[in-house]
Amino acid sequence: MIDVDDTRPLAKPARSPHDGLSPRDFDRLAAIIESHTGIRMPPTKRTMVEGRLRRRLRSLGLPDLDAYCRHVLDGGGLDGELVSLIDAVTTNKTDFFREIDHFRYLMGTAIPALSRLPHHPGRDRPLKIWSAACSTGAEPYTVAMLLLEQERAGMPIRHEIVATDICTEALATARMGIYPADMARMVPEPFASRYLMRPRDPDDATVRLVPAVRQSVRFGRLNVMDPVYPVSTDMDVIFFRNILIYFDKTTQKTVLEKLCGHLRPGGCLFIGHSETITNMDLPLKQAGSATFIRS
């Protein structure tokens, strides 16, 4: 029995020697992750990987990470666990209107320039936009809001927005279109009033996108490490932001070459502001900060 008057802190239970990943097991998991996704997992990521994989233990009925590794690495469980492993370790940080200068360029420069090309989008064919690492959907939904707003202003553009990601959990969130209210803090007020729905419960700190926005985007799972992308080869705009930083230089170039193969001449590619394609032989001309035009 514990004496309720005894204020001394209770001793923490001893950690199991198998609570963490051994260096060897981490290296083996990191190799699997990189080979399937291109994402590098240096030793500095070990604590992060351990924390995320612990969430999988209950789902699999396993007692610790040592048992998880035996199941995945030695017990033939990799095929059934691979998608969940990738879901667990991929980062899905995103916000609406993130890196807003890209959206200003899209609406103020890129789309008007595309409209001057032969067989331009909007009349003969739809404007085709691909969010190639869409995470939970804030990026393509931001584009959808901007195009709907242009339609409200009397300048509609027929368009198709495709959004893909490797993480099935992120895609499930994107399809629902329900987000923590904090994620929408950068949405301008006129947009928020038209395109976001707030719950009646004041304690419910979420927002939901209106149907017109949700219906504007088509989501699908895609791994950019795959040899072939089941996506149209005549995209007008591709967003591939804040993903290259996870790849080595060889993988960066390989993926960008494939993306260029899906971007029509004159089309626009956006990458993250912390990323660079310097010294890569690609059919791209820089047009702005982390903004490139397909030659």
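## Buried and exposed

A residue is buried when under 20% of its relative accessible area is left, exposed when over 50%, and partly exposed in between (1.4 Å probe, protein chains only). By that rule, both Asp236 and Arg125 are buried.

This is a predicted model: local features need pLDDT of at least 70, side-chain atom pairs count only at pLDDT 80 or more, and totals for chains, interfaces and linings use all residues. Residues are numbered from 1 along each chain as its sequence is written, and side-chain values use heavy atoms, with hydrogens and water left out.

## Salt bridges across the chain

Side chains of opposite charge can pair when their charged atoms come close. A salt bridge here is a side-chain nitrogen of Lys or Arg within 4 Å of a carboxyl oxygen of Asp or Glu. The count comes to 18 salt bridges. Asp95 and Arg185 form one, at 3.4 Å from N to O. Asp95 sits in the loop between H4 and helix H5 (100-115), and Arg185 in the loop between strand E3 (178-180) and helix H8 (189-195), so the pair ties together parts 90 residues apart in sequence. Helices (H or I, at least four residues) and strands (E, at least two) are DSSP runs, numbered from the N terminus. Asp95 counts as buried because its relative accessibility is 10%.

Asp236 and Arg125 also meet in a salt bridge, at 2.8 Å from N to O. Asp236 is in strand E7 (residues 235-239) and Arg125 in the loop between H5 and strand E1 (127-131), 111 residues apart. Asp234 pairs with Lys128 at 3.0 Å, N to O. This pair spans 106 residues, from the loop between strand E6 (217-221) and E7 to strand E1. Asp234 is partly exposed at 22% relative accessibility, while Lys128 is buried at 16%.

## A salt-bridge network

Which residues are linked in a network of salt bridges? They are Asp25, Arg28, Asp66, Arg70 and Asp74.

## The second largest pocket

A pocket is an open set of points on a 1 Å grid over the protein atoms alone, where a 1.4 Å probe fits, with protein on both sides within 12 Å along at least five of seven lines; lining residues have an atom within 4 Å of a point. Its volume is the space filled by probe spheres set on the points, which are joined across faces, edges and corners.

The second largest pocket holds about 220 Å³. Its lining includes Arg52, Asp87 and Glu169. Helices H2 (46-60), H4 (78-89) and H7 (168-176) each supply at least two lining residues.
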